[in-house]
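User: Could you take me through a structure today? I would like to ask about it piece by piece.

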Amino acid sequence: MRKKILGYIGLLTMLLQLAAPFFDLFPISKALAAPSSGKVMIDFGAGSNENSKYYSNEEYIASKTVDLNIPEGNHLVSRKVVINGTNLGEAGTVSGNKLQLSSVYGSAKWFVGKDRTDPGHRISRNIAGNRWRHQGEHTKNIEFIPDRSTEEGKGFSQYPGMIPTNGIDVDSGRSVPEDPDLRYSNGEAVTAAYEAAPPAKFYPPGTDLDGNLAGIMYIGVDKVKEVKIVNATISVVSDAVPFAWGKSPQDPKKGMVKIHRPLNNTDNMEELSFGGQGHATTFNYYMPANTYWEAISYEYAGYIEYTYEPNTTPDLIPVFLNPLNACLEVGKPQTFRFKIKNNGAATNKSFKVSVYIDGSEFKSFSFYGLGQSEEAEGSFEYTFSSAVPKGFNLFVDSGNDVDEGRAEDNNKLAVTFTPKDSCSGDPGPGPGPDPGGPEVIKGDFIIDQMQIYYKQNNKFIPKDVSVSGGNSCTFKSVKWTVKQGGGGYEWFGTTPWSQEFTAPYPGGIGLGTVEVTLTITTTCGTTKIIGPKTFTIVDDPANPNRPPVFEGGWFSRYNTTYYPPITTAIEGDMVHLGIVHDPTQTPNTPYDPDGDGIIYTWDFAGSTSEWIRGLPKTDPINFGKHNENFRWIKADVVGTHTIEVSAVDTRGKSGGTKRVTLNVIPKDPAPVPIITLPPRVIEGRPFKPDISCEKSYTIHPDRKIAGCYWTGKQTIYPTAGDYPITLTVTDNTGKESVAPATATLPVLPDLPPVAQLSNPGYGVRNVAMNFRDTSFSPDGDTIDVRQLTLTYDSNNNGSYDDETVTPITPDASGYFSITPTKVGKYKIHVYVREAEGYKKSDAKDFFFEVLNEGPDASFYVEGSDFTPPEYVSKNFTAADMLKGGNWRASSVAEPDKAKEYALNAGQNAMEAYDIFQKGTYNPVSPQQYRSPNPNQLSANKFKTWSCESWTKGCDASVTMMTDKSAYSWVWRMSFMNLNNTMPTGYKPSAVEPYSGTPGFQK
């Protein structure tokens, strides 16, 4: 049996070898090739870049279709869907090259925003001027009698003043308590904004909303939900104080904030004139607040990785299923069209296409084969019985009549259609709208001036506002909105009017860019927002705005002047917090260089100290964030507490943010031990500086360190190693440190000295040899004993024990010399010992050999040199040089020539003509030029030598004159003093020190 099996194996091997040459004729490798792959980023609405993220206020997206970009003639093999980092595997339904995802859930993300909310407090005065009336969103219409002090001697109330506890219900005429939404507990007015609009932009958590937001990623308010106000601070009106905030109880897309403010004057308000009689008028007191918001948005991001391979079988896919009309009206037949395609090999088999509605087959169609890449269409009618969404499904080859191989999972297309009870105003089947048409809102506006100086006025002018179409929709109202940072203001009207923007600007608007939007509302409830457009408010160059100057500080309980500040308090002390009033500064701080008012903001909520964050809760009124100071604070929490305070002037210029820190120490604090070790300690010897406790301390301002108690401290450490040391201290009250300080002292070994000698090794008899003792201590110790001896091996037996020892005495630097008189071998013994500690030593022997001297030879060398150039200075006057017979003029070309200079007798100086300006070669008109000062002139005579041979001698020449008052001249010729002794036959030489451009140079 075994032989038979071996025979079969051999036969199979032979057949394979015979067939091998033919394997390349068949595309086996291609058929077995791995599928191609692709990746597509899902575009949820923010693009399909790698890092694109889409944000929505919807928790999930009902349906999302993604094109897989599979080349025609291929089909999908596998896919991996990843949404928000979660691998959903082969989620979704394939239809052709499209993947339809259902119920895609987003990832909830928190976002933050800041706005300036200004609900205002509108209050009206009656004709007699003796009563005021106001009403809140959820309050009665209440009237009250103001205090007589508000008349200011004018016979009628000038402003409302503090609101009394009780008022009059205008509708019933009865006395009623003032509503908490109108009156604060201290008599100030309250405005409750139950539908505060959120900011237009929301930023990622952690964003500094009070900083520069340019360039920071944000999402629009339409992308968020569950908005709420989580904090509110005083804005530009310092006495308008927010005290409550949160969600709107009426609108989940809005927030709620309540603000109180005294109505004790007519600052920061506007008078709204309604043409009343007598003293009747209406005031609107600004109550702005910086509101900080939170909201949720759902983040969508994802991708699909997939593989595909060429079709070898038919691939029947649905392309689309669409209604003919955009609006599907209930009760009217609607026509639907669909298209299918064969994305694979051609097929001549009949197959069925079915339409399912809500899971039940509604209609089917028969098709008789479909060629490669061929398309086919069909249509049907369906009438909706109600305005309930219907799910349609187009199923190609629903009878599974065609073998599509692995491409069987892309035969379905699911679509949901939502009908309407009425399609009035919706687009019909034709190119134009149905009778009545869609609602159309048109309009625009212009800003009168794109830039204004602070306190100048501006105007917003509407253009071509109109409403048409829809359900007889018409214009209803407009709203002008201005925004800047977190502040802003709104005006409402029933006609499209031009809006004036006048100083003082509403809503706390100041320097910077202002956004303007126009909102048009129709009678059908539709709104159209135009803008925002912007203009800029800049500083008036004649009156530039400068920041306020200030500092914050903590103060002791008895300090009523708020200077000087303190940084430390004892647990239980009463302290004050506020702005430092420093009388030592000029001008005294705080101040604003322009005389503007200063608004302070204390960031209690942002403090890292829980104690500071909790202070406003103890007394919300007296701990208003914009107070200048806070008195009688009990420092009852031990630790370091820091709060930040910032300041802006009333024109919006920031003075920056200052950190104010208080260190609260325990009532009876323990002292703190600190060990200070010396930099270096060596075994067996004293050391300096000593181990010290001098850096120990107590945080109590009235105490000091009185005692230091050690373990492990010694004056000398006998051996090298690590020594543990502890320190306990007490203060002058006897209070002991809680735990001892510990340290490890590394004690270094005492390294022995090293005996060492600079030794030439060989010498010659009767010739001096130079040596040097270079012994040293590796750890820098002093060597107090140096003993050197010389021994000669006289019998040349290699032993020095039987020889005479001669001491050697080096000089202070260790140098010494030996002149050996005998040939042979010598030994120098070096012994050294340290002076400190254990007085360690070292000894070594150093050897050298002396040879016999060589024969003598003598010779004589003779040479000569010449006298070097000498430098001689002598003073000469201009008269001497011009009139003296011993002076001659010469040039390179003329050894003897006429003197071309004249004597100015008045200045006793030479005059020259045909001169050149410095650095040029252009002659100028003849004129007197600054000549040498005869009293300060020196001539430098150089004997420069030029020799033709050793026997003919050399020539010399004089070449330069210098005025000591910093002027020099290079002359057109050389001057030669004929009285000097010089060789005859003078001629200009190549080494003559002549230089410069001919003419005078200053």
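Predicted model: local features only at pLDDT ≥ 70, side-chain atom pairs only at ≥ 80, totals over all residues.

User: How many salt bridges does the structure hold?

Analyst: There are 33 salt bridges in the structure. In general, side chains of opposite charge can pair when their charged atoms come close.

User: Which residue pairs with Glu 143?

Analyst: Its partner is Arg 131, and the closest N and O atoms of this salt bridge are 3.0 Å apart. The two belong to distant parts of the chain: Glu 143 is in strand S11, while Arg 131 is in the loop between strand S9 and strand S10, 12 residues apart.

User: And is Glu 143 buried or exposed?

Analyst: Glu 143 has 11% relative accessibility; because buried means under 20%, Glu 143 counts as buried. Arg 131, with a relative accessible area of 28%, is partly exposed.

User: What about Lys 339, which residue does it form a salt bridge with?

Analyst: Lys 339 forms one with Glu 375, with 3.4 Å between the closest N and O atoms. Lys 339 is buried at 17% relative accessible area, whereas Glu 375 is partly exposed at 41%.

User: Where is the pair Arg 833 and Asp 784 in the chain?

Analyst: The side chains of Arg 833 and Asp 784 meet in a salt bridge of 3.4 Å, N to O. This pair links strand S55, which holds Arg 833, with strand S52, which holds Asp 784; the residues are 49 apart. Arg 833 is partly exposed, with a relative accessible area of 28%, and Asp 784 is also partly exposed, at 39%.

User: New topic: which residues form the nonpolar patch with Ile 674?

Analyst: Tyr 697 and Ile 699 form this surface patch together with Ile 674, and the three have about 220 Å² of accessible area together. Ile 674 is located in the loop between strand S45 and strand S46. With a relative accessible area of 30%, Ile 674 is partly exposed.

User: Last one: where is Asn 904?

Analyst: Asn 904 is in strand S59, residues 902-904, and is buried with a relative accessible area of 16%. From Ala 879, Asn 904 is 25 residues away in sequence and 9.2 Å away in space, C-alpha to C-alpha.

Conventions. Residues numbered from 1 in each chain as written. Heavy atoms only, no water. Helix = DSSP H or I, 4+ residues; strand = E, 2+ residues; numbered from the N terminus. Buried < 20%, exposed > 50% of the residue type's maximum accessible area, 1.4 Å probe, protein only. Patch = residues over 30% accessible without salt bridge, like charges linked within 9 Å, V, L, I, M, F, W, Y side chains within 5 Å. Areas by Shrake-Rupley, 256 points an atom, 1.4 Å probe, with all protein chains shown as cover. Salt bridge = Lys/Arg side-chain N within 4 Å of Asp/Glu carboxyl O.
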